[in-house]
Amino acid sequence: MLRIEQLHKRYKTGDTALRGVSLTVAPGEIIGLIGPSGAGKSTLIRCVNRLVEPTSGRIFLGDTEVTRLTSNSLRHARRRIGMIFQEYSLVERLTVMENVLSGRLGYTGFWASWFRRFPQTDIKLAFALLERVGLIEQVDKRADALSGGQRQRVGIARALVQEPEFLLIDEPTASLDPKTSRQVMRLLTELCSERRLAAIVNIHDVALAQMFLPRIVGLRAGEIVYDGPSENLSPEVLTTIYGDEDWTQSAARDDNDDLDGHGTHRPPDLEPAAQYP
Amino acid sequence: MTTATQNISPTNGDARRWAPPRLIETNWVRWAVALGVAGYLILAFASINVNWARVFEGMARAGRLFEGFLTPNFTARWSDIQQGMIESLTMTVTATVAGVALAIPFGLGAARNLTPWWIYGICRGVIAVSRALHELIVAIFFVVMFGFGPFAGFLTLCISTIGFLSKLLADDIEEIDPAQVDAIRATGAGFWQVIDFAVASQVLPRLVGLTTYKVDINFRESSVIGIVGAGGIGATLNTALDRYEFDTAAAILLIIIVIVMACEYTSGAIRKRFA
């Protein structure tokens, strides 16, 4: 479904975010991408729909080589890739319905979208999705009037209304409370399996990743250091990905949903963030 | 608990003092700057020539001006006032509409996050030029070019609207939330659809606010540039003052004040509606 070959990304500032990442995602497969902040997780998924331009390497979506496309064909490829963002990235001042329908912009002419006259089939699809994510009551509310969990559901509906073949999901739960996080992850995995969608999910929360995602890819300093089933995420593996930490204690806290930052305390000279910026 | 209390008590004898950091650290430099400023002010005030006899003469005239204010005369020159007002209002509305219509494309072009550097350069250049000269000077130019009358005023206000609005719009666009733009781009939307959904929706309230604000600035400007011959109520006001008809001048000023206040309240209401 998705094939990434030897992807490199070096930002203009000189920071190297990705150093030769190769990854294959099968149809219908959801993978969790974990790694410390700054490991290149966001860069990697943004390269797939070229919100970030990779420096070198190739990306194939099905038979399309995304990395070779020029503006118009790139827009067409982007229609096939839905994206869900950490801070939801809804257009705050537009209504829920407008936000969802904005997922159809790639299929709609400029004037039709300017006058918000979307085809009836699109509107039907949008209503069906809003019903599916449980927001049918909020159709005409402005996005900035919703709670975090509701916003993320709008974000999900916007990505799905594209009828994508592939989903890029960037930290879907980082701004949500533990309970809402689980609900959102459950909704996402259900929707993906209903639609046979393949997806890459960037996720900070290792416990949540293990709970919902069968395959985990660990990224550290722009390189893949682990790729395997989530059951095999042993303390040793986590140390390779994140650096030194007492992982056995955190692992026991699985049900608490908050591994990040509230685990065990170690002297500051052993903090992993200091070693892998 | 007791130790903590002791630690923060002032009797504990902690000798550390704190004062906010100074703007200029070196002592003598700081004093030299202060003395220099004071000396300059004294010399500057000393150099102002005041002709006190002339001031007292003016006092008498000011007295008559204020007297006229207390007895504004709307009727004596009503048809002149009316014509001037209509001209000014027409100038204001047409110049604002045309100015905004031109300011939006220049504003989009001058936003670094939307446009390539050469379009950016051109648009910022146009904005800089249209802001460089004061309205009065621009008005004098246009009066020389196109003759007396409201057309010169219209052009002046157009230029000033472009300068004002496109600069502030561009600065505002440069500060929008890029995540919303990325989200719309990621759907496969085209450039103008991104502008419509992700950019316009973020800057619209500010654009509406600035436009209504510019309407009342333009109205006030229209009464000023009339003095140099660019038509409108300013011309009427100038004539009234030239003829020492302070009561008519007072009537004109009162009408201007009322209209500016009305604009102010209306624009406030509109801004609230669009928040």
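Two residues are in contact if their C-beta atoms, placed from the backbone, lie within 7 Å. Contacts in the legends below, which describe a predicted model, follow this cut-off.

**Figure 1. Chain B is built from helices and is more spread out than a compact globule.**
Of the contacts in chain B with a separation of 6 or more, 72% join residues 24 or more positions apart. Chain B holds eleven helices and zero strands, and its pattern along the sequence reads α-α-α-α-α-α-α-α-α-α-α. The globule rule gives 19 Å for 275 residues, whereas the radius of gyration of chain B is 27 Å, well over that value, so chain B is more spread out than a compact globule. The C-alpha trace of chain B spans about 85 × 70 × 40 Å along its principal axes. Buried residues make up 35% of the 275 residues of chain B.

**Figure 2. Chain B is assigned two parts, domain 1 and domain 2.**
Domain 1 of chain B covers residues 22-71 and domain 2 covers residues 78-274, according to the domain assignment. The centres of the two domains, taken over C-alpha atoms, are separated by 34 Å. Contact between them involves five residues of domain 1 of chain B and four residues of domain 2 of chain B. On the domain 1 side, the touching residues are two nonpolar, two polar and one charged.

**Figure 3. Chain B touches chain A.**
On chain B, 18 residues are in contact with 21 residues of chain A. Helix 8 (178-186) and helix 9 (191-225) of chain B each supply at least two residues of the side that touches chain A. By class, this side of chain B has eight nonpolar, seven polar and three charged residues.

**Figure 4. The largest nonpolar core has 119 residues.**
Leu33(A), Val100(A), Ala199(A) and Ile200(A) are the residues with the most contacts inside the largest nonpolar core. Helix 7 (residues 150-174) of chain B gives the most to this core, with 13 residues. Leaving aside residues up to four places away in sequence, Ala199(A) touches Ile30(A), Phe166(A), Leu167(A), Ile169(A) and Cys192(A). Another core, of ten residues, lies apart from the largest one and includes Leu237(B), Ala249(B), Ala250(B) and Ala251(B).

**Figure 5. Four strands of chain A form an open sheet.**
The strand order in this sheet of chain A is 2-1-4-5, with antiparallel pairing. Strand 2 (16-25) and strand 5 (64-65) of chain A are the edge strands, each pairing on one side only. Seven bridges join strand 1 (residues 2-10) of chain A to strand 2 of chain A in the antiparallel sense. Arg3(A) stands opposite Thr24(A), a residue of strand 2 of chain A.

**Figure 6. Gly32(A) is a buried residue in strand 3 of chain A.**
Strand 3 of chain A, where Gly32(A) is found, comprises residues 30-34. Gly32(A) has 26 C-beta neighbours inside 10 Å and therefore counts as buried; the cut-off for a buried residue is 20 or more. Not counting residues up to four places away in sequence, Gly32(A) touches Val201(A), Ile203(A), Ala209(A), Leu213(A), Ile216(A) and Ser230(A). Asn232(A) is 200 residues from Gly32(A) in sequence, and the C-alpha atoms of Asn232(A) and Gly32(A) are 13 Å apart in space.

Note on methods: Residues numbered from 1 in each chain as written. Chains lettered and ligands numbered in written order. Predicted model: local features only at pLDDT ≥ 70, side-chain atom pairs only at ≥ 80, totals over all residues. Nonpolar A, V, L, I, M, F, W, Y, C, P; charged D, E, K, R; others polar. Rg over C-alpha atoms; globule rule 2.2 N^0.38 Å. Buried ≥ 20, exposed ≤ 12 C-beta atoms within 10 Å, placed from the backbone. Domains from an automatic or database assignment. Core = buried A, V, L, I, M, F, W, Y, C linked by C-beta atoms within 7 Å. Pairing = 2+ DSSP bridges.
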